[in-house]
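The following questions and answers concern the protein model displayed below. Please consult the sequence and the structure while reading.

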Amino acid sequence: MKTSETKIINQGLEDEMEVWGYQPCLWKMVLVGMGAVCSGGLLLLLLYWLPEWGVKGTCTYTSLRDARTLLLRTTDEFKQWFRVSVHVMVAPGRKPFDSLDLLSTSLLPNGDNSINSVHEEHHGKCSQTQTAQTHYFTHHSTKYYWNDVMQNFEVFQGLEDLKVSCAHIHSDHSSGLSKTLQEYRMLFFGENEIAVRVPSVFKLLIKEVLNPFYIFQLFSVILWSFEDYYYYATAIVFMSSISIATSLYTIKKQYVMLRDMVAAHSVVRVSVCRGDQDIEQALSTELVPGDVIIIPANGMIMPCDAVLIHGTCIVNESMLTGESVPVTKTSLPSVGEDASDSYNIEEHKRHTLFCGTRVIQTRFYAGELVKAVVVRTGFSTEKGQLVRSILFPKPTDFKLYRDAYLFLLCLVGVAGIGFIYTIVLSIMHKVPAKTIIIESLDIITITVPPALPAAMTAGIVYAQRRLKHVGIFCISPQRINICGQLNLVCFDKTGTLTEDGLDLWGIQRAEGDSFSPPESDAAKESLVNSAFVACMASCHSLTNIEGELSGDPLDLKMFSATGWILEEPTEEETALHNPIMPTVVRPPKHIVPEANQNNPLTQNMELPELSPCEIGIVRQFPFSSALQRMSVVVRRLGEKHMDAYLKGAPEVVAVLCKQQTVPESFTETLETYTRQGFRVIALAHRQLESKLSWHKVQSLSRDLIETNMDFLGLIIMQNKMKVETAGVLRELRKANIRTLMVTGDNMLTAISVARDCGMVRTHEKVIIADAVPPKESQPASITWHYTENNQTIKDHQTIEMNLEEEEEEGYDKRVTQLEHKYHFAVSGKAFAVIMEHFPQLVQKLVLRATVFARMAPDQKTQLVEVLQSIDYTVGMCGDGANDCGALKRAHSGISLSELEASVASPFTSTTPNISCVPNLIREGRAALITSFCVFKFMALYSIIQYVSVTLLYSILSNLGDFQFLFIDVAIILIIAFTMSLNPAWKELVCHRPPSSLISGPLLFSVLTQILTSLVFQVLVFLLVRQQNWYETWTPQSDACNVSSLGVSPGLNVTNPHDHKNIRNYENTSLFYVSSFQYISVAIVFSKGKPFRQPSYKNWPFMLSCIGLYTFLLLILLYPIPAIDKFLEIVCVPHDWRVTLAIIVVVNAAMSFMLEILILDIILWRLVFRENQGLNRPSQTSSADTPQEANDHWGSSFLSWLFCRRNKPPRVRYMNVALELQDDTDWPPKPSTVTYANDTQSQNSDPL
């Protein structure tokens, strides 16, 4: 492969791929065909499993332009391969937005001349003299078209590809498309539908059956049939059939559910503009980017992504974000600075209606329709991309699964040794060739356990069921195991750590250059006419939906505190009045001041209920998380001029106000409130020029309005902590799980909440990293502010928490001084600057950062990626509103929103608080340990049976059909499925389970048990041959009745001799011992505390073990002829039975001693104990107890013995922590500045 010719598609995006071109090669295809015939189809299977081999084996390399087959490989860590075919499309142009002025007819040529045409149904036929051929391929529901200029394939997303400004959308795209242009674009974009094709049962069956595991099972069954092992073969076929049927049912059900979810309201009739005046009805599937649709007054479910160009819409976006609060969407700016910006769906989402969201109602004006330009269709839409991520998820990257394959390869290696051993032994004994082939292949089927995948899945299924019982729903079961490895959890603040609702604590108005005293009642009569209350009453995005006020919870609290009333115009009123009737807010009649009631203007009005206090909202600039503010333009009744009101983050509002109107004590007052955890909002006002008309205001940009304002004062809101928060965070801290706060709220408020909930302890410092970007000749810099800890105790909850902290001093001893000395706090702006200009500090900073404030949604996702880059296993817990990206990116995302929002998160909790997080981690740890237990047990089962069969092969014997059946069904299946039922341990311990099968403790455990089983089986095999009654067994043998003199009564039994030599003393002895060994290792491996409940509480497992032990002891000590005959075991003397019972007991005791005493107590405690958090200091204190001193010296000696002394940590964050322990300049000193061009801190004046 010529790597120099490698091209990249989707460069820089999540689904970036490398692509190579190939053409079919006849001679290669003939060779592959011959190979497939000779191998009985196995070669075709191999090429099916390995697409890259399939392409290289049948095609020759060529340029992408001439390619007929493409080989794709993802550039992420998974390096997945895909094979796709290239098709040819015939169209009048090469790009969807080409001009069609030269096209003389409204009919278009056939869209695709390939066999798999998907366009033929849409188009007619005509002369193709002006047509062009375009190569394209489809991958994961996305079409890629060839671009001659780029010499690569590209994706056409939609109208954004034109990179047009907002003004150009108004001028060039607001009239709609002609029918010809619409048909032409449909060639490229296809039908506007998110088609979830439900595969037929036959297709799913073929795909499932071609899994390597089932092919191996098929091979095993065929082999066993040759050996006349019909019963066991039938049992395996039965189990496999159930497994395949269950899998098919589950997959089919998921496809149908997803299709139904997507198909609901996906095809609707819409009104489409064709030219300036022509409006026609069309199906939503016919929409293409550039079409102009009319949004009906009663709303609709959006069939595409579209940008508003006329009117206003109120939209419920809960399907995408999980946030059920209606959002106001305004029309795209057409004039001003904003209009010159290139349209971007992310930057202009406040003007964009997304596919799948519900438009609740529209605000339209007399003679004008609410119009939107289609931007994206089909799978290119936000909803389409979400569905694509569900249909084609990335593989779960977890070390357990990678190690499982390595372990299976090891078992295959062991099987290979047995394969060669069997062939050599059989040849030496001159065994027939057919028997050699069958028995040597049989050893492979014994070594790789057929029930392993089903047994591994059982633990996850049980964990999923237990999670459902505690109100946690999971759409990605494989992630449950990953939850067991979480060592860091990020929490959103509002709605997650604190209550969703905000209570108005009070207001503080600005008077001149100072603040007036705080006031608790904003609804008192003396404030009705004040600009402050007018701003509270009008500056919001509330709307009446079915008679109830709806909108942002903060807006609702603020508006309800005024006691005012909101009235919206009806459809009839809107049509009658010109200019339009705006949304009106007014105080209740009983609190209108008398002066206004006696006003002659009021008395002469046609509508006597209107008062001069009545305010009409003329224009609204919705809240922007990027700008951290919102504003409105209003007109008070009777006034000739309009007013602008602004609310937002105090720091932002103060900058937009005249400095002489901002009180001198602004900063101190703000800090006072934020330190106490209050949420503070600032208000501002500006009187606009009287010459501004209504139409002029509609076209003004918000930057012109939101400037030169008068500062009005502060609204102080109280966000109460959820009752469960402090306790859960304390539990996570004791479990050595780091917690972070990632919020969009104010920095000081966030720090205060972090102290209140225990993320930052009372004795710990918080260092604010205040970074600013480069300015002119000044490089980017970070100023390090040390906050004062003047926290006041506000309630009993805080007092109780502080008392409990003192009780945890024993735990604190295990935390390094470095860890609890300080925390960093970083704002969203500072985070962006540090990521760009201080990459060398990013890892140091995030290692100790606990509070991230004013973080935008994409920054939350970026933070999760940074934490993952230093090997943290990251959990994210949020309310699903602004956290969707981070929830999806984290190893384990858990949403506290409604179940419908679960498509954005692997886990969704119906409990609206963070108590679900420790529950999830507990179940994750239990599921992970269960997976290890089951895997170890199945591996031991294979090796024990392998040893038994290998020993028997040496005497040309084997286990019988019913012996295999009893072991595999009665023992293994029952044990494997019941040992997974242990519930999670009731509390989180301070260390995590191991994440890898290839680790010291697990390898020691497996290898010692293998060795023990091997020793005792070999011992029994040799010992039975040394007995004085031993002879080569024949049907006439009767060792049970042998006298002390060794004289046999010589009973005449006419049974024919067993040609397979199943019945013999070695077989019987090994069968008894190995059967007990299976149960012993199951009990030894089925561990409880500290991650699972003890096995004695798992009554199905205990009953199974007791029942099997009882049955085996019964047939060992008191043989039952019918059972002996069924299991093909022979009668042996009672003394030998007692000896076998003693051997079994000693074997079990040895297994328990090695696992419990040696591994769990000595080696795990002193050698293999991994630091799950930061490295603890290794030096011992003089105050250590004798036990601690012994542990230390024992640990030192055994670590030296196992070559683990001074071994560097395997995870990056531990390495960073070790570096920081030796860094005397970290953390930076108070009031110092770090510059981008100098890694050393430079002292500055005290701040």
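Helices (H or I, at least four residues) and strands (E, at least two) are DSSP runs, numbered from the N terminus. The model is predicted: local features need pLDDT of at least 70, side-chain atom pairs count only at pLDDT 80 or more, and totals for chains, interfaces and linings use all residues. Residues are numbered from 1 along each chain as its sequence is written, and side-chain values use heavy atoms, with hydrogens and water left out.

Q: How many helices and strands are there in the protein?
A: The count rests on the DSSP runs defined above. On that basis the protein has 42 helices and 42 strands.

Q: What percentage of the 1247 residues in the protein is buried?
A: A residue is buried under 20% relative accessible area, exposed over 50%, and partly exposed in between (1.4 Å probe, protein chains only). Among the 1247 residues of the protein, the buried share is 54%.

Q: Which residues of helix 22 are buried, and within what arc do they fall?
A: Helix 22 spans residues 666-675, and its buried residues are F666, T669, L670, Y673 and T674. The arc is that of the directions from the helix axis to the C-beta atoms. Seen down the axis, the buried residues of helix 22 line one face of the helix, because they fall within an arc of 125°.

Q: Which elements are included in what covers the buried residues of helix 22?
A: Contact here means heavy atoms within 4.5 Å. The cover includes helix 21 (650-656) and helix 26 (747-757), together with strand 22 (503-511), strand 23 (514-515), strand 31 (678-687) and strand 32 (710-718).

Q: Is S538 buried or exposed?
A: S538 belongs to helix 16 (residues 531-538). Leaving aside neighbours within four places in sequence, S538 is in contact with V585, I615, I617, V632, V634 and Y645. Because its relative accessibility is 0%, S538 counts as buried.

Q: How far apart in space are H823 and T850, C-alpha to C-alpha?
A: H823 lies in strand 36 (residues 822-827) and is buried, with a relative accessible area of 9%. Not counting residues up to four places away in sequence, H823 touches several residues, including R848 and T850. Although H823 and T850 are 27 residues apart in sequence, their C-alpha to C-alpha distance is 5.9 Å.

Q: What is the order of the strands in the open sheet of six strands?
A: Two strands pair if DSSP finds at least two bridges between them. Strand 14 (residues 305-310) and strand 19 (residues 371-376) pair in the antiparallel sense over five bridges, and V307 stands opposite V373 in strand 19. The open sheet has antiparallel pairing, with the order 11-10-12-19-14-17. Its edge strands, each pairing on one side only, are strand 11 (278-283) and strand 17 (352-353).

Q: Where does P1227 lie, and what is the omega of the cis peptide bond that joins W1226 and P1227?
A: P1227 is in the loop between helix 42 (1212-1221) and strand 41 (1232-1235). The peptide bond joining W1226 and P1227 is cis, and its omega is about 5°.

Q: What is the phi of H140?
A: H140 lies in the loop between strand 7 (132-139) and strand 8 (142-147). At 25% relative accessibility, H140 counts as partly exposed. H140 is not a glycine, yet its phi is positive, at about 50°.
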